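Dear colleague,

Please find the structure below, handed over for your use.

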Amino acid sequence: METVPFLLLICLLIGQYVCDGDAQLVQCHAADREALLDFKMGLNGSFLSSWQGTDCCRWMGIHCDNATGAVISLRISDPTGRHPSDWKIRPSLAELKSLKYLGLSLNNFHGRLPAFLGNMTSLLHLDLSLNYFRGEIPNSLGQLKNLTLLSLCYNLLEGLIPASIGNLRHLIVLDLSSNKLNGTLPDSLGMLSELIHLDVHMNELKGVISETHFLRLSELKRLYLSENSFILNVISNWIPPFQISYVDLGSCHLGPSFPTWLRSQEHITALDLSNCSISGTIPNWFWDMSGNLVGLNLSFNHLEGHLPNLLNISREGTVDCSYNNFQGPIPLADVYFLELSNNQFTGPIPSNIGQAMPNLRFLYLSSNQLTGEIPGSIAETIITALDLSRNNLTENIPSSMGNCSYLLALDLQDNNLSGEIPRSLGQLRQLQTLHLGKNKLSGEIPSSLKCLTSLETLDLSNNRLTGKIPPWIGKALISLKILNMRSNNFYGEIPSTISDLASLHFLDIAENQLNGSFPSAFGNLKAMTHLQNITRQPCLRPGFGRGCYNKYQENIFATIHGHEFQYTKTVSLLAGIDLSGNNLSGKFPEEITKLVGLEVLNLSRNYISGQIPENISKMHQLLSLDLSSNSLSGPIPQEIFSLTFLESLNLSNNNLSGRIPYKGQMTTFGASSFAGNSGLCGEPLTLKCPGDYSNNRDTHDDSDGGRKDEADDNNSFIDTWFYMSIGMGFAVGLVLPFLIFSIKRSWGGVYFALVDLTAYKLSTRDMKAAIRSRI
């Protein structure tokens, strides 16, 4: 929402001190100078090299009291980010006893917020935003009783918001947004009777917010609670103590009914109630009070019913009512931005839209049920982005569209538009995105489109276009990143000039009647020779409060394994080539293996011959590879199993032969990926390869040998115990008599007598056996 009043407020708070710094009458205190020099040591680098000399009042970012010479303001920032990181706030900062304004935003400070900041009780203004502070907000900040501004936004702070902040009764601005704070909003904030600006958006806060949180906030003008998990629970007849101007409650739970407390607010200029679980209709009283609104966002709710034919919104305002269940005709309003996509609006686009909305720059009406033709009066606006996709629009594209000289994005895909592409579109010299796919357009591509030198996306897919693909596409459209001409009636050879498109990362000209060979020059498509990066889309419109509010979302459809997938936010990450369903012939293009950033490659249903090159295993980013229904021969490259990202593989219906390298990633694919190749064998097919049976016999022999080895191991175990028992018996036989004899000699005599008797009996038996053997 509007930031200018907030900036003016900051300037009023500190402006007089900034101006006073140009006319210093006295030199700074020696103690302050020493404290500043020690503080500088925590910056770990050459930053603030201008801090030299004895008069610190003349140093950059320093301002002193003209009467006393005490330092009252310290404001430094490093927007370039070129200086070393891991800066620290040193305790010497607290020695600046008269410091009133401390601004250290947009720097490289790390670590925790020091607790000693709470001892700097003279502070009126504390701004530590846009740094890398971590940890919790110290309770000691509640001791800064004179503080009027506290900004800790855009850091990495976590933990609870300390209740002690409720002690800062003179606080005017409190900004804790864009951190990782959790827990609930303290009730004590409701005691800040002078608070004008409260911003805690984009944290991890939750819990119930009730009337208590606003108990004494009679001066509140700006409230930002979005992108948390709050539940706003107030009584139905609650009348807030404030008259607010800017309200951002996106993603807070307010529903199911439309909040009635807004009826008491007479000065709202910006209202964001997106994704607030609100259902039902918008009450009439809201449209009676909406004349001051310059920003209205009711998107992602369950609102229904009709919108007024003429929206009561401030001129050049912004309206976003997308992703609801609104019905009826498209309303008119003299606004700057109108977003009504993903609803159930019906009927034609008003023919007088150009006259009724002359300041319109952004119009998004996609995914409704609109019928009729595109009104030519749109050309009377200063339209920058026009999205009429996914409706039931008919007739021709009006030639007057070429008069929209400011147009950057034109999306007319998925309608029933017919006729030829107007030559006048070649006048749109600033156009970056052109989507005409999924219509009934016919004729050839007009040569006037070669003038669209800023074009990044050209989508002509699923039409009835004919003729040859013009070679000038590769020469004139030098900024092209996405080219989709799928499912038309184009014929002839693929122009090799397409390889000159250095930024092209997605090419789909499948399902046409193209012939000839695959251009070997495609190996020079530079954008596909490396990994893709997320490219930030250009900001078509500044936000209603913070940052960019670029509602047009670039998109492409990619067909993978027979299924169509839509890519939106990750569109810049997709690198793909789809030439399937044509009449291409010749050898498999080995040059394509240079495109190591390629993620989708589909050459199926052509007449490509030759072998799959071994280098295909170097295309490690491949997610989908479809070479089916061609005339490929030879073996499957053995190293193809190393494509660890591969999720979809189809090599069926070719003349491939040899053993399938069934290991690694290849084990994730079934027999259907290799069917229709009579020469292939091995898993996952049921057909065994030659030699598999002899290998099985070897396996059985090895198995028998294994059993023999196991028996030998068992016998070895038995033999070991046998000899160990003999040895133990021999040892016992020798030792036991001596033990008996040493204990009692008489036992020794008995023992040896028993031994002698036994030996005698054994010798007598042996002698008798010998005598018998001689008889």
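Is C252 buried or exposed? C252 has a relative accessible area of 2%, and it is therefore buried. Please note that this is a predicted model.

C252 takes part in no disulfide, and the nearest cysteine sulfur, which belongs to C276, is 5.9 Å away. A disulfide requires two cysteine sulfur atoms within 2.5 Å. By this rule, three disulfides are counted in the model.

One of them joins C28 and C56, with the sulfur atoms 2.1 Å apart. The torsion about this S-S bond is about 140 degrees, so the disulfide of C28 and C56 is right-handed. C28 lies in the loop between α1 (4-20) and α2 (30-41), while C56 lies in the loop between α2 and β1 (62-64), so the pair ties together parts that are 28 residues apart in sequence. Both C28 and C56 are buried.

C57 and C64 also form a disulfide, their sulfur atoms being 2.1 Å apart. The link of C57 and C64 is left-handed, with -105 degrees about the S-S bond. C57 and C64 are buried.

A further disulfide connects C681 with C689, at 2.0 Å from S to S. Its torsion is about 100 degrees, so the link of C681 and C689 is right-handed. C681 counts as buried at 8% relative accessibility, and C689 is buried at 3%.

Aromatic pairs

Searching the whole structure gives 18 aromatic pairs. Among them is the stacked pair of W51 and W59, with 5.2 Å from centre to centre and 20 degrees between the planes. W51 counts as buried at 2% relative accessibility, as does W59 at 4%.

The ring centres of F337 and F362 are 5.9 Å apart and the planes stand at 45 degrees, so this pair is tilted. F337 belongs to strand β22 (residues 337-339) and F362 to strand β24 (residues 362-364); the pair links distant parts of the chain, 25 residues apart. Both F337 and F362 are buried. Elsewhere, F39, W87, F109 and F133 are linked into a cluster by ring pairs.

A hairpin and a charge over a ring

Strands β38 (residues 556-560) and β39 (residues 563-567) run antiparallel and are joined by five bridges. They form a hairpin with two residues between them, and H561 in the turn has a positive phi of about 55 degrees. A558 has F565 in β39 as its bridge partner. Finally, the charged end of K438 sits over the ring of F557, 4.1 Å from the ring centre.

With kind regards

Terms used: Residues are numbered from 1 along each chain as its sequence is written. This is a predicted model: local features need pLDDT of at least 70, side-chain atom pairs count only at pLDDT 80 or more; totals for chains, interfaces and linings use all residues. Side-chain values use heavy atoms; hydrogens and water are left out. Rings of Phe, Tyr and Trp (its six-membered ring) pair if their centres lie within 6.5 Å; planes under 30 degrees apart count as stacked, over 60 as edge-to-face and the rest as tilted. Buried means under 20% relative accessible area, exposed over 50%, partly exposed in between (1.4 Å probe, protein chains only). Helices (H or I, at least four residues) and strands (E, at least two) are DSSP runs, numbered from the N terminus. A charge sits over a ring if NZ of Lys or CZ of Arg is within 6 Å of the ring centre and within 35 degrees of the ring normal. Two strands pair if DSSP finds at least two bridges between them.
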